[in-house]
Amino acid sequence: MTSQLEQLKKMTTVVADTGDFEAIKVYQPQDATTNPSLLLKAMQIEKYQPLGAEAVAWAKGQGKNNAQTVKLAADKLSVLIGSKLMQQVPGLVSTEVDARLSFDTQATIEKAEQLIALYQEQDIDTSRVLIKIASTWEGIQAAKYLEEKGIRCNLTLLFSFAQARACAEVGAYLISPFVGRILDWYKNDQPEQDFTGANDPGVQSVTSIYNYFKEHGYSTVVMGASFRNISEIQQLAGCDRLTISPALLEELANNNEPLSQMLSASTEVKPAPSALSEQAFRWQMNEDAMATQKLAEGIRQFAIDQEKLEAMLAELI
């Protein structure tokens, strides 16, 4: 019997949730994705530190003040690591916009365009780049503009059906609903409940989003993310894509039990309802305490890690 990782690859596109090139070489995923937390971890590993030095050297040559130089270096580093990842995977690489811009549509657009320009300077085929944006209302509107300009987006920090629906309605290329962080919230809120297997609320969230998208013919790719255990991955086998950490990729690779396909596209497509208004989106988010709290927490954490990354780069100036 082949491993569960190989079985999964036959029904789902497997994406590596890491900036570690060695892990990608071992598990051979189709795509890769990074975020500020993963970039920070990469910069703490000696073999990746020359990329930080290269980013700073380039940024210093742009004739900006120190604060601007640090931000430019952080952008350049994310593109350098993204470019390296593209040498490792045959598919797409997601590069994240600064989380501190999550509530500014225009600034998000400008940052996305800057990242694409940096990739172009590296002679990278930018059709392989996904710009990763937090799924705030402002981020979703930025994605609408960018998609219309031919820049494909990955909407991240997604915890609610309202976020997913709004992303599909603006034509976002891909969404990353967070499975494990949803489970974390419910385990803390209802510690007496059984959330194993199909009872996992993160699994249930992604399943409902996937079924809704297929039922209404939305082209937006559903990529489950943020897994706490391989049971969550097993329950979502058949999802369009799943982005998985090296530790869980290894666990799947060492498991030879049969893997059943749990999700599959609907054969009958129904007309989509009218699009969510901003007011309806904000109200539905307000009514979902888990999604509101986890979105805010995720943005804060990515912002903290972005600032830590910039502090590391500032020391090299």
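How many strands form the closed barrel, and in which sense do they pair? I opened the predicted model with this question. I found 8 strands in the closed barrel, running β1-β2-β3-β4-β5-β6-β7-β8, with parallel pairing. I noted that neighbouring strands of this sheet are turned against each other by 25 degrees on average, direction ignored.

**Entry: β3 and β4**

I looked up the pairing of strand β3, residues 93-96, with strand β4, residues 129-134. The two run parallel and are joined by 4 bridges. I recorded that S94 has L130 of β4 opposite it. I then turned to helix α14, residues 289-314, which packs on the sheet and touches β3, β4 and β5 (153-158). The direction of α14 makes about 115 degrees with that of β5.

Which way do the residues of strand β7 point, and are they buried or exposed? I found V221 and M223 pointing one way from β7 (residues 221-224), with V222 and G224 pointing the other way. I recorded all of these residues as buried.

I next examined the pairings of β7. With strand β6 (residues 174-177) it pairs in the parallel sense over 2 bridges, and V222 is the bridge partner of I175. β7 and β8 also run parallel, joined by 2 bridges, and here M223 stands opposite R241 in β8.

I also looked for a helix at β8. Helix α12, residues 246-253, lies across β1 (13-17) and β8 (241-244). I noted that α12 runs at about 110 degrees to β8.

**Entry: cavities**

How many cavities of 30 Å³ or more does the structure hold? I recorded 4 of them.

The largest cavity has a volume of about 110 Å³. I listed its 13 lining residues by position and found L39, D75, S78, E96 and Q306 closest to the centre. The elements that give two or more residues to this lining are α3 (36-43), α5 (66-88), α6 (105-121) and α14. The largest share, 3 residues, comes from α5. By class, I noted 6 nonpolar, 3 polar and 4 charged residues in the lining of the largest cavity.

The second largest cavity has a volume of about 50 Å³. I found it lined by E96, V97, D98, A99, L101, S102, T108, K132, I133 and A134. Strand β4 gives the largest share of this lining, 3 residues. The lining of the second largest cavity divides into 5 nonpolar, 2 polar and 3 charged residues. I noted that E96 is among the residues closest to the centre of the largest cavity and also lines the second largest cavity.

**Entry: positive phi values**

I then looked up backbone angles. Most residues other than glycine have a negative phi. I recorded two residues that depart from this.

Where is Q28 found? I located Q28 in the loop between α2 (21-27) and β2 (31-33). Its phi is near 50 degrees, a positive value in a residue other than glycine. Why is Q28 classed as exposed? Q28 is exposed because its relative accessible area is 59%, and the cut-off for exposed is over 50%.

L157 also has a phi near 50 degrees, a positive value in a residue other than glycine. I located L157 in strand β5. L157 has a relative accessible area of 1% and is therefore buried, the cut-off for buried being under 20%.

Notes: Residues are numbered from 1 along each chain as its sequence is written. This is a predicted model: local features need pLDDT of at least 70, side-chain atom pairs count only at pLDDT 80 or more; totals for chains, interfaces and linings use all residues. Side-chain values use heavy atoms; hydrogens and water are left out. Two strands pair if DSSP finds at least two bridges between them. Axes are lines fitted to C-alpha atoms, for helices over the stretch in contact, and angles run from 0 to 180 degrees between N-to-C directions. Contact means heavy atoms within 4.5 Å. On a 1 Å grid over the protein atoms alone, a cavity is a set of points where a 1.4 Å probe fits but cannot get out, and a pocket is an open set with protein on both sides within 12 Å along at least five of seven lines; lining residues have an atom within 4 Å of a point. Grid points are joined across faces, edges and corners, and a volume is the space filled by probe spheres set on the points. Ala, Val, Leu, Ile, Met, Phe, Trp, Tyr, Cys and Pro count as nonpolar, Asp, Glu, Lys and Arg as charged, and the others, Gly among them, as polar. Buried means under 20% relative accessible area, exposed over 50%, partly exposed in between (1.4 Å probe, protein chains only).
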